[in-house]
Amino acid sequence: MQINLAETEFMQIPEKYNPKETEEKWYKYWLENRFFHSEPNEKPPYTVVIPPPNVTGILHMGHMLNNTIQDVLVRRARMQGFNACWIPGTDHASIATEAKVVAKLKSEGISKNDISREEFLEHAWEWTHKYGGTILEQLKKLGCSCDWDRTRFTMEPKLSEQVIKSFVDLYQKGFIYRGYRMVNWDPEAKTNISEEEVIYKEQSGKLYFLKYKIDSPTGSEPKDFLTVATTRPETIFGDVALCVNPKDERYKHLIGKNVIVPVVNRVVPIIEDEYIDIEFGTGILKITPAHDIIDYEIGQKHNLQIIDSLDDSGNLNEHGMHYAGKNRFEVRKLIAKELEEKNLLLKTEDYINRIGTSERTGAVIEPKISVQWFLKMSEIAKPALDAVMNGEIKFHPEKFKNTYKHWMENIHDWNISRQLWWGQRIPAWHIQAPSNSPEGGELEKEDFFVVAENEEEARKKALAKFPSLREFSLKQDEDTLDTWFSSWLWPISVFDGLIDPENKEIQYYYPTSDLVTAPEIIFFWVARMIMAGLEFRGEIPFKNVYFTGIVRDEKRRKMSKSLGNSPDALELIEKYGADGVRAGILLSSTAGNDLLFDENLLLQGRNFATKIWNAFKLIQNWEKEIRPLNNSDRQTIEWFENQLNKTILEIDDQFSKFRISDALHLIYKLIWDDFCSWYLEAIKPNFGEKISQEVYEKTTEFFEDLMKLLHPFMPFLSEELWQNISERTPENALIISRQKQSKTFDNQKLETFEFAKDLISGIRNYRQSKGISPKESVEIFTNAADFKNEDVIRKLAHISEIHYSEKTEKPSFTFLVGAVEISIPLSENLDLAEEKKKTEEELQYLKGFLISVEKKLSNEKFVANAKPEIVETERKKQKDAQEKIAILEGKLKGFLGNG
């Protein structure tokens, strides 16, 4: 519905903008009118799925940046005529949530080990229902326009059903297998984690040189020993061999002999393998297959025994002898002392070690042999790699394609099982039968299992596998699935696409449009979602991926609770307003580049809101009258119309390239500089006068267009002002209004107005530098025949008279606007002697500068070897200096003529 502006009066607004009151009012209004809700219709869809934050999470700076960008994209799409659907939700975060629940139970005097799985899950669900919605409620404070009716949770029944279904499907295709492998064990979370969840850090430690005595075949006391360097003396309880390189002349004669493990007194062989680095340490590697991946592989190759000396908590077990029950790091110190006392420690050296830590808990990872479930990746990775490399899915910025390519081409099988209770339980059912039954003996020898979506289906499969089974039971696998195994289905599962592949929502909303996420989860999530989309639907899950930067503090450290350098997000919103925070963050955040957080950024956002509020109040307070447009108003309106259309084209271009920050900068300049500083100043009625009704109406129209452009970035302020322009029905709310579409513009009109602005700025600069009042009019002399925007120039520069194509002999302030020379006779109030002195100093500087430039240009080697653009820049400097010198010399003559 078109508002009749002629009959419209701006409603009176308070003196100051109140963000808190405004935000609560309009968010409630948007919710009540269901503006965020989407249903399939005839419009083109624009779909975004939120990167589901941990159900345990609270809003931090990274969330604020990521979700502000998503909201900008969604709100803009809504105002561009798309059916925008932004799906919110949370991730069940197996490790983090289980840790929270275990801690809560511990505070109540309950150990996880003392209750059943079902009882634990009851506590976990209770905790989730109590605390799980916190972060989503906080996102509302930021202004996020998610379709809250569609909120999903990765552990809800329908999503869990799809996770189980995908597991069964992949198992039946031969992609999932169960194997005995070395895994990354998190002793704090008491589960294994994938290689992608291991964060490697450099840490200062020690290199311990241990003595392994060479076993005497006669049984006499061994005297000779081999020195072995290790960073982990506490693992000697798992030593089963020493290994040397067969080409190492130092040890060739010892291959096949035995040594005695210090303290443990176990006799182990000396073996050979070309893997051993002759140059590292002493050239001898102690082989502990249970505690190191390389040792494990060598052990497998040489058929060595595996002795696991650590329990799930990282404590020494019964193999640790007198250290049983003690922590691995405590034992490291104690055993070093014992080795020294027994003369089995030759020396120690400081050493920088690269250790793996858990991305979730920060615990030092322990390599551990375990039976786990794996997903073969190489086959499903190839189509996902092609989709990005051929441009079907676009990365913004594009530099992340190389990171993605490297990982996908060197991909490992995905360890998808976790030793936790909170999560989707692996749908594998182990068959158990009495030993006296026909199949009992066979089932005792080997662990037979079937994979099925439920126990009933598993029973059918068990009978199909063993037709003569009469008495048997099924025991479901104890492990749960990696949380990412549910998250990788997110763009499909939120629309129930795996349980109802032809439903109207998945057909309409999928593939989704854009994904906004952080580069650190490009492998955890982005790559895997692409694989899942292509595997389960034969379609990419999204068309564009926008990678945000990492929010860092002034010391370039990543913001985190542990460092105490992350401000409270809600406190920032309280202090600066949601719009101030949104604008402040985005003004300094370009795709893929880290954001150095500074509260002054948010102050800039708040000041921008204040500037817009005050501009609205200024317009609101003008009195109107019906009269014809004057030339100044007409020229100003023509200019701003063209400037608006040009900027809209530029904004559209920046959005097409996902340069969101640059788009906001364009809007910021359009509003602050072009509209507030120039347009409003040019049309502002003189004191005691009224504004033309026609100008007022056009100004209101411009302001509406500006609020439409601003709305995705600053939704609360823009809706508040929009609603104060006129009485609006919900159908006319700003949030669902169409943005002004880009049109052609007259570049000539823009250039002539830019000339006028430069000329006006030059005159203002003269006034400011000479301390002359803006109220004091000036006359100007110019070599130009005329000015296109003379009326605007006269008004804003307060010019009494313009002398075209005329020079003045009076002492003058002279400057250039392009090739046009402007001279302002100096005010009688000025000290001419002082002005002459300043002019002579400036002239002397410019002549020296010109000599240095001309010296460079007279150097034939420079001109011949420098890049053409550099030579051209120097020639421009020469020309500019010559023109300025001519002006200053003319100015000096004026002083002499009046001296």
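**Figure 1. Salt bridges across the model.** The structure holds 62 salt bridges, each being a side-chain nitrogen of Lys or Arg within 4 Å of a carboxyl oxygen of Asp or Glu. As background, side chains of opposite charge can pair when their charged atoms come close. Before we zoom in, please note that this is a predicted model, in which local features need pLDDT of at least 70, side-chain atom pairs count only at pLDDT 80 or more, and totals for chains, interfaces and linings use all residues. Residues are numbered from 1 along each chain as its sequence is written, and side-chain values use heavy atoms, with hydrogens and water left out.

**Figure 2. Glu 535 meets Lys 173.** In this salt bridge the closest N and O atoms are 2.6 Å apart. The pair links distant parts of the chain, 362 residues apart: Glu 535 belongs to helix H16 (residues 522-536), and Lys 173 to the loop between helix H6 (157-172) and strand E5 (176-186). Helices (H or I, at least four residues) and strands (E, at least two) are DSSP runs, numbered from the N terminus. Glu 535 is partly exposed, with a relative accessible area of 22%, and Lys 173 is partly exposed at 41%. Here buried means under 20% relative accessible area, exposed over 50%, and partly exposed in between (1.4 Å probe, protein chains only).

**Figure 3. Glu 366 and Arg 232, a buried pair****.** A salt bridge joins Glu 366 to Arg 232, with 2.7 Å between the closest N and O atoms. This pair also links distant parts of the chain, 134 residues apart: look for Glu 366 in strand E14 (residues 366-375) and for Arg 232 in the loop between strand E8 (225-230) and strand E9 (241-244). Both residues take part in a network of salt bridges that also includes Glu 234, Arg 328 and Arg 332.

**Figure 4. Glu 249 with Lys 252.** The closest N and O atoms of this salt bridge are 3.5 Å apart. Glu 249 counts as exposed because its relative accessibility is 60%, while Lys 252 is partly exposed at 41%.

**Figure 5. The contacts of Arg 418.** Arg 418 sits in strand E17 (residues 417-418) and is buried, with a relative accessible area of 2%. Its side chain reaches the backbone oxygen of Asn 415 at 2.9 Å. The side chain of Arg 418 also makes a polar contact with the side chain of Asp 482 (3.2 Å). A polar contact is a pair of N or O atoms within 3.5 Å; within protein, one must be able to donate a hydrogen and the other to accept it, and residues adjacent in sequence count only if both atoms are side-chain atoms.

**Figure 6. A nonpolar patch on the surface****.** Tyr 180, Ile 306 and Val 371 form this patch, with about 240 Å² of accessible area together. Patches are made of residues with over 30% relative accessible area and no salt bridge; like charges are joined within 9 Å, and nonpolar side chains (Val, Leu, Ile, Met, Phe, Trp, Tyr) within 5 Å. Accessible areas come from the Shrake-Rupley method with a 1.4 Å probe, and for residues only the protein chains shown count as cover. Ile 306 lies in the loop between helix H7 (293-301) and helix H8 (328-341).

**Figure 7. Gly 848 in helix H26****.** Helix H26 spans residues 832-857, and Gly 848 counts as partly exposed at 39% relative accessibility. The C-alpha atoms of Gly 848 and Ala 881 are separated by 9.9 Å, with the two residues 33 apart along the chain.
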